[in-house]
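Have the viewer open as you read.

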Amino acid sequence: MIWRWFWREWRQPSLLIVWLALTLAVSCVLALGSISDRMEKGLSQQSRDFIAADRVLRSAHPITEAWLQDAQKQGLKVSRQLSFMTMTFAGDTPQLADVKATDLIYPLYGDLQTQPPGAKPEPGTVLAAPRLMALLNIKVGDSLEVGDATLKIAGEIIQEPDSGFNPFQTAPRLIMNLDDVPKTGAIQPGSRLTYRYMFAGSAENIHTYGEAIKGLLKPDQRWYGMEDSEGALGKSLQRSQQFLLLSALLTLMLSIAAVAVAMGHYCRSRYDLVAVLKTLGAGKKALRRLIIGQWVSVLLLAAVCGSLWQCDRFAV
């Protein structure tokens, strides 16, 4: 009886409009959900490249080795970094440089683009920014004095994954190996130092480790990712996520409005039919069973058609 009722009503344009509205609503919601998920994964991947890690622990002082050992035991990769300002010399020409001392694991994500390609800050060598080389009139292969140490220029820095954008950075970049820092004699009492410990691993392990150390952080220490950084890229990432959520909410509201209008039009067109059925002896239970069965059938058909259409559109 329900199927005969459904088949009879299916040929009515008003019910077809309801089905079409439901199908489009299901398709739009699923499609937007798929797009949002893909965009969020893409943004997350790019955010890791922007900070060269999943998470970063920044500190004004060295952290205890136990923290790093715990991270490695949990399956996380750890890269160390130290930033400071110091004078460099090429002959008698001095130049202030913004030094980034790293290990050979850096970067955990993204690419350190150099010339020649693939150059690394091996012990005894440095990578210099083009502006620093131009100011000191040196080239790849020349020697450069960094504090008390004389190091060889192994390559030219083209792009750093975690350089960010700082219009107030006046000193050109110099990348060196962490093992060479004590040789320079640049670390003195009162030196302004920034220690960065970069971590990479599964989301679950990163979250577990972050929760374990949050209560141990000192005022000069900060545990952060790209999404909660204070830079322009971090704010852009937050705004893009808010835009995706707002788009999903607006799409859902418009879908509900379209379905409500279509169903209201259909229900008004069935007043006479329901009155005739009541006149012929149909009870409330029979009418309720027919109407509920019909709407369940329409919803199932719309859900199947909308899902198939969405899967076909976004299968690639």
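This is a predicted model: local features need pLDDT of at least 70, side-chain atom pairs count only at pLDDT 80 or more; totals for chains, interfaces and linings use all residues.

Is E145 buried, exposed or partly exposed? Its relative accessibility is 34%, so E145 counts as partly exposed, since that label covers values between the 20% limit for buried and the 50% limit for exposed. E145 sits in strand β6, which runs over residues 143-146.

Which residues does E145 touch, once those up to four places away in sequence are set aside? The list is M87, T88, F89 and T150. Take T88 from that list: E145 and T88 are 57 residues apart in sequence, yet their C-alpha atoms are 5.5 Å apart in space.

## The chain as a whole

Zooming out, the chain has nine helices and ten strands. It is 316 residues long, and 39% of those residues count as buried.

What about contacts across the sequence? Taking those between residues at least 6 apart, 78% join residues at least 24 apart.

## One face of α3

Helix α3 covers residues 65-73, and its buried residues are W67, L68 and A71. Why do these residues line one face of the helix? Looking down the axis of α3, the buried residues fall within an arc of 95 degrees, so they line one face.

After α3 comes G75, with a positive phi near 85 degrees.

How many residues does the largest nonpolar core have? The count is 36, and the residues with the most contacts inside this core are F84, L144, L174, M176, F199 and Y209. Strand β2 makes the largest contribution to this core, with four residues. There's also a second, separate core of 15 residues, with V56, L108, Y109 and I175 among them.

Leaving out residues up to four places away in sequence, Y209 touches W67, L68, D70, A71, Q74, L76, F199 and W223. W67, L68 and A71 in that list are the buried residues of α3. Y209 itself is buried too, with a relative accessible area of 1%.

## Rings together

The structure holds three aromatic pairs. One of them is F199 with Y209, a tilted pair at 5.2 Å centre to centre with 40 degrees between the planes. F199 belongs to strand β9 and Y209 to helix α6, ten residues apart, and the pair links these distant parts of the chain.

F199 has 0% relative accessibility, so it counts as buried. W223 joins in as well: ring pairs link F199, Y209 and W223 into a cluster.

If you're checking torsions, a bit of context first: most residues other than glycine have a negative phi, and most peptide bonds are trans. Where are the cis peptide bonds? One joins Y106 and P107, with omega about -5 degrees, and P107 is in the loop between β3 (93-102) and β4 (113-115). Another joins Q115 and P116, with omega about 5 degrees; P116 is in the loop between β4 and β5 (125-128).

A52 has a phi of about 60 degrees and lies in the loop between α2 (13-51) and β1. N137 has a phi near 55 degrees and lies in the loop between α4 (130-136) and β6. Which of the two is buried, and which is exposed? A52 is buried at a relative accessible area of 0%, whereas N137 is exposed at 71%.

Notes. Residues are numbered from 1 along each chain as its sequence is written. Side-chain values use heavy atoms; hydrogens and water are left out. Buried means under 20% relative accessible area, exposed over 50%, partly exposed in between (1.4 Å probe, protein chains only). Helices (H or I, at least four residues) and strands (E, at least two) are DSSP runs, numbered from the N terminus. The arc is that of the directions from the helix axis to the C-beta atoms. A nonpolar core is a set of buried Ala, Val, Leu, Ile, Met, Phe, Trp, Tyr and Cys residues joined through side-chain atoms within 4.5 Å. Contact means heavy atoms within 4.5 Å. Rings of Phe, Tyr and Trp (its six-membered ring) pair if their centres lie within 6.5 Å; planes under 30 degrees apart count as stacked, over 60 as edge-to-face and the rest as tilted.
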